[in-house]
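Here's a quick briefing to read with the model open beside you. Take a look at the fold first, then work through the notes below.

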Amino acid sequence: MRQTRPRRQSSRTRQTGTRRRMPARTGSGAGAYLAIVAFTSIYLVVDAYRPVSIWVAAFYLAVSLVCFVAYAMDKSAAVAARWRVPENTLLLLGFAGGWPGAIVAQQVLRHKTKKAGFRQAFWGTVALNVLAFVMIFSPLLLPGMLAR
């Protein structure tokens, strides 16, 4: 997907200076945090059977921070009507292990929580990342690559 252009405000919004009202949120989105809790549980269970290097957790944390910053930059660009971070970049960062940071950014910044197509793609990348983690590190499937 190519980089998206900023949306133009309608002339009425520009002239009056009033802001468009956003629809009320239907929920807090706190359920999304359950994915992080579930993954932490999976990580600890896998680590109990076959130790996973601390570098794997550090990698997830680092990529999550990068992903959070990317969402914050995109939110800032959206508000200021500047060039946006491409959705494919946000999805790739999530797939690479930054999805916990993306979930936090989506909830804290209230960004990328409405667009159904993006949300479906995002949760698909989360599922693929968790599946890859289990396949790589689970003693039941493949030998761990980064054991201590």
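Before anything else, the ring rule: rings of Phe, Tyr and Trp (its six-membered ring) pair if their centres lie within 6.5 Å, with planes under 30 degrees apart called stacked, over 60 edge-to-face and the rest tilted. Ring pairs of this kind link Phe 39, Tyr 43, Phe 59, Tyr 60, Trp 99, Phe 133 and Phe 137 into a cluster. Keep in mind that this is a predicted model, where local features need pLDDT of at least 70, side-chain atom pairs count only at pLDDT 80 or more, and totals for chains, interfaces and linings use all residues. Residues are numbered from 1 along each chain as its sequence is written, and side-chain values use heavy atoms, with hydrogens and water left out.

**Overall layout**

- The chain has five helices and zero strands, where helices (H or I, at least four residues) and strands (E, at least two) are DSSP runs numbered from the N terminus.
- Reading from the N terminus, the elements go α-α-α-α-α.
- Of the 148 residues in the chain, 31% are buried. Here buried means under 20% relative accessible area, exposed means over 50%, and partly exposed is in between (1.4 Å probe, protein chains only).

**The aromatic cluster**

- The ring rule gives a count of nine aromatic pairs.
- One of them is Phe 39 with Phe 133, an edge-to-face pair at 5.1 Å centre to centre and 70 degrees between the planes.
- Phe 39 sits in helix α2 (residues 33-49) and Phe 133 in helix α5 (residues 116-137), so this pair ties together parts that are 94 residues apart in sequence.
- Both Phe 39 and Phe 133 are buried.
- Phe 133 also pairs with Tyr 60: the ring centres are 6.3 Å apart and the planes stand at 80 degrees, so this pair is edge-to-face.
- Tyr 60 belongs to helix α3 and Phe 133 to helix α5, so the pair ties together parts 73 residues apart in sequence.
- As for accessibility, Tyr 60 is buried with a relative accessible area of 10%, and Phe 133 is buried at 3%.

**How the helices pack**

- Helix α3 (residues 54-80) and helix α4 (residues 87-109) have axes that come within 7 Å and cross at roughly 60 degrees. That angle makes α3 oblique to α4.
- The axes are lines fitted to C-alpha atoms, for helices over the stretch in contact, and angles run from 0 to 180 degrees between N-to-C directions. Angles under 35 degrees count as roughly parallel, over 145 as roughly antiparallel, 65 to 115 as roughly perpendicular and the rest as oblique.
- The crossing of α3 past α4 is right-handed. A crossing is left-handed if the near helix is turned anticlockwise from the far one by less than a right angle, and right-handed if clockwise.
- By class, 18 nonpolar, six polar and two charged residues make up the contact of α3 with α4. Ala, Val, Leu, Ile, Met, Phe, Trp, Tyr, Cys and Pro count as nonpolar, Asp, Glu, Lys and Arg as charged, and the others, Gly among them, as polar.
- α2 packs against α4 at about 155 degrees, with the axes 9 Å apart. That makes α2 roughly antiparallel to α4.
- α2 passes α4 in a left-handed crossing.

**Asp 74 and Arg 84**

- Asp 74 is in helix α3, while Arg 84 is in the loop between α3 and α4.
- Their side chains are joined by a polar contact of 2.9 Å. A polar contact is a pair of N or O atoms within 3.5 Å; within protein, one must be able to donate a hydrogen and the other to accept it, and residues adjacent in sequence count only if both atoms are side-chain atoms.
- Asp 74 and Arg 84 are ten residues apart in sequence and 5.3 Å apart in space, C-alpha to C-alpha.
- Asp 74 is buried at 0% relative accessible area, and Arg 84 is buried at 19%.

**Loops worth a look**

- Most residues other than glycine have a negative phi.
- Ala 81, in the loop between α3 and α4, has a positive phi near 60 degrees. Ala 81 is partly exposed, at 40% relative accessibility.
- Arg 110, in the loop between α4 and α5, has a positive phi of about 55 degrees.
- Arg 50 is in the loop between α2 and α3 and is partly exposed at 23% relative accessibility.
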